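Please look through the sequence and the structure shown here before reading on, and keep both in view as you go. The notes are meant to be followed slowly, one topic at a time.

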Amino acid sequence: MDYETIISTFAATLRLTTPLLLACLAGLYSERSGVFDIGLEGKMLAGAFGAAAVAVVTGNAWLGLLAAIGVSILMAMLHAVASITLKGNQIISGVAINFLAQGLTAVLGLAWFHLGGRTPAPPDSGRFRPIVWPAADQIHGIPIVGPIYATLLSGHNILVYVAFLAVPITYWVLYRTRFGLRLRAVGENPKAVDTAGISVTLMRYRALLITGALCGIAGAYFSIAQGNGFVNNMTAGDGYIALAALIFAKWRPVPAMFATLLFGFLDALQIRLQGVSVPGLNWPIPVQFIQALPYVLTCVLLAGFIGKAIGPRAGGVPYTKER
Amino acid sequence: MSASRPLPRWADVALLPFLNLVLAMIVSGIVIAAIGQNPFDAIRIMAYGAFGYGEGIGFTLHFATDFIFTGLAVAVAAHAGLFNIGGEGQAYLAGLGAIAVGLLLDHTSWLLVLPLAIVASAAIGGVWALIPGYLQAKRGSHVVITTIMFNFIASAIMAYLLVYVLKPMGVQEPSTANVVAAGKIPQLRQFFPFFGEAPLNMTIVFAILALIFVYVLLWRTKFGFALRTMGHNPSASLYAGISNSKMTMIVMTISGALAGMVAVNEVLGVQARVVIDITAGYGFVGIAVALMGRNHPIGIALAAILFGALYQGGLELQFEMPAITRDMIVVIQALVIMFTGAMEGLLRPGLENAFMVFGPRQRVEAAARETVGTEG
């Protein structure tokens, strides 16, 4: 691999990491508040469909993004009602949301656009186009630094930058604000938070609101930034990889970025290696192994063979005030 | 506890699931109406497609066979307080066991192939669930997350094997070789022409046996008692001298084995080979079936037939109303999971109050309790 290829693989890594990172941070807010969320996948998928549908009709990418966020928040609120207000099983609710998104996007897609569940490609104004940084072409010629600037940093759409900007923001919110302190507390010891006169229910609803918004952005990224219109099941398990990354990062924002970067890199590598033979071996590299790696790594980590991942203590338990 | 009393048993096991199902159907109907179709026509078409003629019934029962296995898999684990979301991966990987027996013994008799295929696929499914069980029991990782991960790992393993290892020469799509003789399990249509072209086969006998097995295991054996004790109160079972970690591993193995049997129905009963995604999400349907069937074999049998009807009726719907895709059944499935599983709290308090007010026995008891004073 030459230098240019390596840099472009890294650039692809950033593009593939973006939805993972957004979904991972989305899950972080929810799980840090003590609500398990395996419905990240469904929220992204619903968001992707919402974004594409609105972008196709209005030709406006920003309206598409807004629709994605709205749809995804709606799903998050469904999860909130089921798991916070009605004190239902959070895992089951997440499973239901994933199926709901999978089914509804296909049904509505066919009914509205008559393309077998796809949406048409939105017009150019309905997509987030790559942003080329100033003088990228001229700088590209400079050895070493040039490709880093022109290929790696420049030329992504705005949502990629938003995703990576969300990491320091999340860090700041989580560790430097009152809201963040309460959020973390409500996931560890809701009773203490309740005793302090803060509503556990309200805190968790707020957390899920953020979860919904971030999943919506991730969804929009799929259909109107990276992709060109909605395709059935286009999130393809990224919500689950994000969940794995969240565990890998032990529910912390900065490690979440590195975990998703690792998984994004594996994905980029897998695409690059498709059909490539290992020198000396007559076999193409089985990409399935690389595809399975994030899941295997997460299981190994969860099993405590490489460090220990312990989630928020109150995770998965609906909070009931004493009666 | 609060003043409301638990529901009478019949309301808990029958009325509440029924009301939740009605709720799911109403919302589904609204979705169908929202895309400009007539929900009553849709129900009529689905009901006719599922039960209206022999072939439809055959397909319904064929799907129900799968859902009985996966529903039982979820239920057995649920009774022990475990949530096995990995039925899909367990069934998929178990396809290897079914096809191996089918191909190796293709020249013998189906009387030999069928039981051995059941054993082989149950073994593979069981081992694939035992690993997450072991990881929870001994290493403290949660079975929900690991079984999700194991679905993806199974899918990658199968894709690799089908693309690179098991594909016969000269075949285009990734698949194993075909069974041609004894590996094909007899179809019930060979004996009852009533079933038309439906792939309903002898595996359904094992599904019925599995229902009985699970009932006896859970409610008529010491092991089942220990299993349910752990599900109700893990610390109590620990103090009673039950090894929770050992139980977790055994229960997960049984659960995976049940899910694995789906492979026999699909691989040797329908396709005569393993193809990509042969289990087609049936493992996940098991979650809905177990919730709907209240984790009881009788309930699961009924719920499996209901979902079998949905799947078969959904196929029919696709032909008759091209504006609705088969994915509508995924929506219905999601709503059933949501209402009977996660949002059970929606109707239960209202129903409890209704029984408090209208149930004669409850009224007397409530009055008696009020005069004595509540215990807390």
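What follows is a briefing on the two chains, their contact, and a few selected parts of each.

This is a predicted model, and it scores ipTM 0.90 and pTM 0.90. Chain A contains 13 helices and zero strands, while chain B is divided into domain 1 (1–34 + 333–369) and domain 2 (62–295).

**Confidence**

- The mean pLDDT of chain B is 90, and 94% of the residues of chain B reach 70 or more.

**The fold of chain A**

- Followed along the sequence, chain A has the pattern α-α-α-α-α-α-α-α-α-α-α-α-α, in keeping with its 13 helices and zero strands.
- The C-alpha trace of chain A spans about 70 × 50 × 40 Å along its principal axes.
- A compact globule of 323 residues would have a radius of gyration near 20 Å, and because chain A has 20 Å, its value agrees with that expectation.
- Of the 323 residues in chain A, 53% are buried.
- If one takes the contacts in chain A with a separation of 6 or more, 76% of them are between residues 24 or more positions apart.

**Helix 12 of chain A**

- Helix 12 of chain A covers residues 253–272, which makes 20 residues, and it reaches 28 Å from its first C-alpha to its last, close to the 28 Å expected at 1.5 Å a residue.
- The buried residues of this helix include Pro253(A), Met257(A), Phe263(A) and Asp267(A).
- Which helices do the buried residues of helix 12 of chain A pack against? They pack against helix 1 (3–32), helix 7 (158–176), helix 11 and helix 13 of chain A.

**Where chain A meets chain B**

- The contact between the chains takes 40 residues from chain A and 38 residues from chain B.
- On the side of chain A that touches chain B, the elements giving two or more residues are helix 3 (61–85), helix 4 (90–113), helix 11 (238–248) and helix 13 (287–302) of chain A.
- Helix 4 of chain A gives the most to that side, with 15 residues.
- Divided by class, the residues on the side of chain A that touches chain B are 26 nonpolar, 12 polar and two charged.

**The two domains of chain B**

- The centres of domain 1 and domain 2 of chain B, taken over C-alpha atoms, are separated by 32 Å.
- Where these domains touch, eight residues of domain 1 of chain B are in contact with six residues of domain 2 of chain B.
- The side of domain 1 that touches domain 2 draws two or more residues from each of helix 1 (9–34) and helix 14 (328–342) of chain B, and helix 14 of chain B provides the largest share, five residues.
- That side of domain 1 of chain B has five nonpolar, three polar and no charged residues.

**A closer look at Leu21(B)**

- Leu21(B) has its place in helix 1 of chain B, and leaving aside residues up to four places away in sequence, Leu21(B) touches Met292(B) and Val336(B).
- Is Leu21(B) buried or partly exposed? A residue counts as buried when 20 or more other C-beta atoms lie within 10 Å of its own, and as exposed when there are 12 or fewer; Leu21(B) has 18, so it is partly exposed.
- Although Leu21(B) and Phe339(B) are 318 residues apart in sequence, they are 7.4 Å apart in space, C-alpha to C-alpha.

Technical notes:
Residues are numbered from 1 along each chain as its sequence is written. Chains are lettered from A and ligands numbered from 1 in the order in which they are written. This is a predicted model: local features need pLDDT of at least 70, side-chain atom pairs count only at pLDDT 80 or more; totals for chains, interfaces and linings use all residues. Helices (H or I, at least four residues) and strands (E, at least two) are DSSP runs, numbered from the N terminus. The radius of gyration is taken over C-alpha atoms; the globule rule is 2.2 Å times the number of residues to the power 0.38. Two residues are in contact if their C-beta atoms, placed from the backbone, lie within 7 Å. Ala, Val, Leu, Ile, Met, Phe, Trp, Tyr, Cys and Pro count as nonpolar, Asp, Glu, Lys and Arg as charged, and the others, Gly among them, as polar. Domain bounds come from an automatic or database domain assignment. The expected span of a helix is 1.5 Å times one less than its number of residues. pLDDT is the predictor's confidence in each residue, from 0 to 100.
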